[in-house]
Amino acid sequence: MQQAIAGYHQDEHRDWVAELACGHYQHVRHQPPLAERPWVESAEGRASMLGHLLRCKKCDLGAPADQPRVPRAVVESNRQRTLELIQAIARGDANTIADTYADDGKLHTMGNTLISGIYDKSQIRQFAGSVLEAFPEGLHYTVNAVTAEGDRVAVEATGQGRHVSGQDYINHYHFLFTWRDGKLLELKEYMDTEAVTEVLCGGARPE
Ligand SMILES: [Zn+2]
């Protein structure tokens, strides 16, 4: 039976797995000359194949779905860990922040500002404490909404603090946390990048 690609994840060996509309998983490795799938190596390539039909042998065999059902208790503990992490970020608690991440965890600060980019755990540990240097009186987050589902927690929040330059800093965030076995696999932060440039970067932009 032909089934559409609905999404992707990586397995424990970092090989790509397509999540099919039927709920079955199928490896989509790029392993020339056995399997030529250069598209799977890039986010753009994977996105371009969403909706593409693959033959699903598991459907032909009537196999049960592979989609893991994340237990409610895990969803709730992910929600709780997320709120605790936001408090650790607000008080610049670098060790708690870094220890929350999985060893292969990543922080993705969106946009094209001087501080945008993808950071690994050692980089996160280095600069997590710099919040206190930038905001000597601390940074206050107001959490407006939390949505926890599967292994992901989405948070709408407002951050406020007096920057070391004397300027008031207010930003509006949408954080997306992805958890794995109680450790943070990825945090993506979406925010008003103009406010980041104006206050945190003193108006400076990448060349
Ligand atoms: Zn299937």
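In the predicted model, buried residues account for 15% of the 207 residues in the protein chain. The C-alpha atoms of the protein chain occupy a box of roughly 65 × 45 × 25 Å along the principal axes. Of the contacts between residues at least 6 apart in sequence, 53% connect residues at least 24 apart. Seven helices and 10 strands make up the secondary structure of the protein chain.

Six of the strands are arranged as an open sheet with mixed pairing, in the order 6-5-10-9-8-7. The edges are formed by strand 6 (117–120) and strand 7 (140–149), each of which pairs on one side only. On average, neighbouring strands of this sheet are turned by 15° against each other, with direction ignored. Strands of a sheet pair through backbone hydrogen bonds, in either a parallel or an antiparallel manner.

His-108 stands opposite Ile-118, the latter being located in strand 6.

Helix 3, comprising residues 72–90, lies across strand 7, strand 8 (152–162), strand 9 (168–180) and strand 10 (183–191). Relative to strand 7, helix 3 runs at about 160°.

Notes. Residues are numbered from 1 along each chain as its sequence is written. This is a predicted model: local features need pLDDT of at least 70, side-chain atom pairs count only at pLDDT 80 or more; totals for chains, interfaces and linings use all residues. Helices (H or I, at least four residues) and strands (E, at least two) are DSSP runs, numbered from the N terminus. A residue is buried if 20 or more other C-beta atoms lie within 10 Å of its own, exposed if 12 or fewer, and partly exposed in between; C-beta atoms are placed from the backbone. Two residues are in contact if their C-beta atoms, placed from the backbone, lie within 7 Å. Two strands pair if DSSP finds at least two bridges between them. Axes are lines fitted to C-alpha atoms, for helices over the stretch in contact, and angles run from 0 to 180 degrees between N-to-C directions.
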